[in-house]
Amino acid sequence: MSAEVQPVAGRRQPLTRGRVIEAAVALADAGGLQSLTMRRLAQSLGVEPMSVYYHVANKADILDGVVDLVFSEIELPSPEEPWRRAMRRRALSAREAMVRHPWAPPLMESRTNPGPATLRHHDSVIGNLRAAGFSIALTAHAVSAIDGYTYGFALQEAALPFDTPEQTAEVAEMILAQFPREEYPNLAELTIEHILQPGYNYADEFEFGLDLILDGLERHLRAAGR
């Protein structure tokens, strides 16, 4: 798939930082981060590269901006919302954002100049947990556990050689046919009895693992309360 994003025909819109960042996200979505160059970004906007530099300082500034845009797509928890429901909804929303932008997970906690959406996101998460009675230490543990799992699952999901349940079954059957089942009986059993069952969708594994983490955090919170 070409990573070039064609400018919209008709009257040219004024160039703004927001338009530059949105175009950068579109380029990354289409062709990965390797396609995100100043030349291609300017071309997608229908301007010269020097015009882009009026709105972003450099490539690092663009990366800060695209990460902040991804964070802006994630639902924010409210201090008044029950913590477990809020954390579950927020994790599901974060995974959905990373599915839309599979290049994003390695960047989302790597930037040292976070934007307002990024800061607002983390502050809201911490505020919800603290309002629910989490100590500072347990809040840090909770954020680390939930985010580590969410980002890790998104990275693994993006690397898998299938996208749909149908493709999952096709790949599983192809792999299963390549090795003698009697030599790897446990792998064969899991593939046949779980992955190849009707309705199996790898994405469903995310919610199961997320609930395990939330169960554990709930136990720690109750124990601290006692």
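In the predicted model, helix H4 passes helix H6 in a left-handed crossing. The axes of H4, which spans residues 59–72, and H6 come within 7 Å and cross at roughly 45°. This angle makes H4 oblique to H6, because the range counted as roughly parallel is limited to angles under 35 degrees. On the H4 side the contact is formed by Val 67, Asp 68, Phe 71 and Ser 72, and on the H6 side by Pro 116, Ala 117, Thr 118, His 121 and His 122. By class, these residues comprise 4 nonpolar, 4 polar and 1 charged.

H6, residues 116–131, also packs against H7, with axes that come within 10 Å and cross at roughly 125°. H6 is therefore oblique to H7 as well, since an angle has to be over 145 degrees to count as roughly antiparallel. The crossing of H6 and H7 is right-handed, whereas that of H4 and H6 is left-handed. The residues contributed by H6 are His 122, Val 125, Ile 126, Leu 129 and Arg 130, and they meet Ile 136, Thr 139, Ala 142, Val 143 and Asp 147 of H7. The contact of H6 with H7 contains 6 nonpolar, 2 polar and 2 charged residues. His 122 of H6 takes part in the contact with H7 and also in the contact with H4.

A further helix pair is H8 (residues 165–176) and H9 (residues 185–195), whose axes come within 11 Å and cross at roughly 155°. The two helices are therefore roughly antiparallel to each other, as the crossing angle falls in the range over 145 degrees. The crossing of H8 and H9 is left-handed. Thr 168, Ala 172 and Leu 176 make the contact from H8, and Ala 188, Thr 191, Ile 192 and Ile 195 make it from H9. The contact of H8 with H9 has 5 nonpolar and 2 polar residues, and no charged residue.

The largest cavity holds about 40 Å³ of space. Its lining consists of Phe 71, Ile 74, Arg 90, Ala 91, Ala 94, Met 108, His 121, Asp 147, Thr 150 and Tyr 151. H5 and H7 are the elements that give two or more residues to this lining. The lining of the largest cavity divides into 6 nonpolar, 2 polar and 2 charged residues. Phe 71 and His 121 line the largest cavity and belong to the contact of H4 with H6. Asp 147, also part of the cavity lining, is among the H7 residues that meet H6.

The largest pocket contains about 300 Å³ of space. Of the 16 residues that line the largest pocket, Val 99, Glu 157, Ala 158, Phe 162 and Asp 163 are the closest to its centre. Two or more lining residues are given by each of helix H5 (83–100) and helix H7 (136–159). The lining of the largest pocket is made up of 10 nonpolar, 3 polar and 3 charged residues.

Key. Residues are numbered from 1 along each chain as its sequence is written. This is a predicted model: local features need pLDDT of at least 70, side-chain atom pairs count only at pLDDT 80 or more; totals for chains, interfaces and linings use all residues. Side-chain values use heavy atoms; hydrogens and water are left out. On a 1 Å grid over the protein atoms alone, a cavity is a set of points where a 1.4 Å probe fits but cannot get out, and a pocket is an open set with protein on both sides within 12 Å along at least five of seven lines; lining residues have an atom within 4 Å of a point. Grid points are joined across faces, edges and corners, and a volume is the space filled by probe spheres set on the points. Helices (H or I, at least four residues) and strands (E, at least two) are DSSP runs, numbered from the N terminus. Ala, Val, Leu, Ile, Met, Phe, Trp, Tyr, Cys and Pro count as nonpolar, Asp, Glu, Lys and Arg as charged, and the others, Gly among them, as polar. Axes are lines fitted to C-alpha atoms, for helices over the stretch in contact, and angles run from 0 to 180 degrees between N-to-C directions. Angles under 35 degrees count as roughly parallel, over 145 as roughly antiparallel, 65 to 115 as roughly perpendicular and the rest as oblique. A crossing is left-handed if the near helix is turned anticlockwise from the far one by less than a right angle, and right-handed if clockwise. Contact means heavy atoms within 4.5 Å.
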